[in-house]
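Here is a friendly walk through one protein model. Please have the sequence and the 3D view open while you read.

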Amino acid sequence: MDDNTLLRHSGHILLPEMGIVGVQRLTTARVLVIGLGGLGSVVAVYLARSGIGELSLADHDVVSLSNLPRQILYKEDSVGLFKTHVAEEMLRGVGSGAIRLVSERLAGARLREEVARADLVCDASDNFATRFAVNEACVMHGRPLVSAAVIRLVGQILVVDPAQADAGCYRCLYPETDDTNEACSESGILAPVAGVLGTLQATEAIKVIAGICAPLTRELLLFDAQDMSSHKIRRHRDPLCPVCAKRPS
Ligand SMILES: [Zn+2]
């Protein structure tokens with residue numbers, strides 16, 4: 001690690017939990033962020049600034065005016081442009097790692113390919129169909145997943161760690177097939193709540209990559225901005241989970 005890198009990341013290096021070893025893990029890691037909305041904007045900023053070696057940013061969408069209150073990478077000039085392109089412009093020079101763009105809607109084989117390439121995946125998408133597909137690809141390839149979601153004034157976050165399979169996966173939380181696609185465009189969202197959860201998501205990603213502290217690998221954290229409460233629920237594998245459990249024959 002050269003002098004500039006040591007200086008740049010001295011704040012992290014000074015943490016007894018992190019040290020040089022933890023920072024080296026960050027600077028050699030490949031992370032995939034799926035979705036560059038309210039969550040992904042914040043996740044991408046902190047992961048880039050924390051020196052992630054290769055940050056892949058996936059989003060097929062263009063910026064719209066209604067994105068601006070919470071999607072902090074963009075401004076009025078960005079409307080109509082690909083979110084990935086604007087994000088790259090905004091993130092250039094803030095970190096020491098590489099930024100890689102995936103300007104397509106990831107699904108099927110392409111999703112699995114991108115997940116397999118990454119050491120860790122952050123799901124910052126805004127719909128159940130994508131979250132289920134990302135979870136399934138992560139379980140299939142044994143990649144840790146940090147999944148977060150926000151709606152109205154509440155948010156949730158969890159970590160699915162292949163090393164702790166008995167804690168289950170994202171799909172275990174939704175035993176019934178739930179196709180209700182409640183997007184914030186329909187239900188509303190308090191802008192900074194996306195920032196709160198995005199910051200928590202970047203924090204958990206860094207903890208998992210650096211191998212420090214206690215990530216939410218066995219719990220679901222729920223945050224409610226109405227009364228600023230948060231609580232954690234213990235998670236267990238659903239023995240009938242179609243993704244991570246062996247189904248009875
Ligand atoms: Zn499961």
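L222 stands opposite H231 in β8. The two strands concerned, β7 and β8, run antiparallel and are joined by 6 bridges; two strands count as paired if DSSP finds at least two bridges between them. Helices (H or I, at least four residues) and strands (E, at least two) are DSSP runs, numbered from the N terminus.

A word on the numbering and the source: residues are counted from 1 along each chain as its sequence is written. The model is predicted, with local features needing pLDDT of at least 70 and side-chain atom pairs counting only at pLDDT 80 or more, while totals for chains, interfaces and linings use all residues.

Back at the hairpin of β7 and β8, 4 residues lie between the strands, and M228 takes a positive phi near 55°. Strand β8 is hardly covered, as the count of buried residues among its 6 residues is 0. Here a residue is buried if 20 or more other C-beta atoms lie within 10 Å of its own, exposed if 12 or fewer, and partly exposed in between, with C-beta atoms placed from the backbone.

Strands of a sheet pair through backbone hydrogen bonds, either parallel or antiparallel.

You can find both kinds of pairing here. Strand β5 (residues 145-151) and strand β6 (residues 154-160) run antiparallel, joined by 7 bridges, and L145 stands opposite V160 in β6. Strand β2 (residues 54-58), in contrast, runs parallel to β3, with 5 bridges between them; the bridge partner of L55 in β3 is I99. Together with helix α5 (residues 83-91), β2 and β3 make a right-handed β-α-β unit, meaning that with the strands pointing away from the viewer, the path from the first strand over the helix to the second runs clockwise.

In helix α6 (residues 108-117), L111, E114 and V115 are buried. They cover an arc of only 100° around the axis, so they lie on the same side of α6; the arc is that of the directions from the helix axis to the C-beta atoms. The buried residues of α6 pack against β1, β2, β3, β4 and α7 (128-141). Contact means that the C-beta atoms of two residues, placed from the backbone, lie within 7 Å.

Is P215 buried or exposed? P215 is buried, because 21 other C-beta atoms lie within 10 Å. Not counting residues up to four places away in sequence, P215 touches V159, E204, K207 and V208.

Finally, the protein as a whole has 9 helices and 8 strands, and buried residues make up 44% of its 249 residues.
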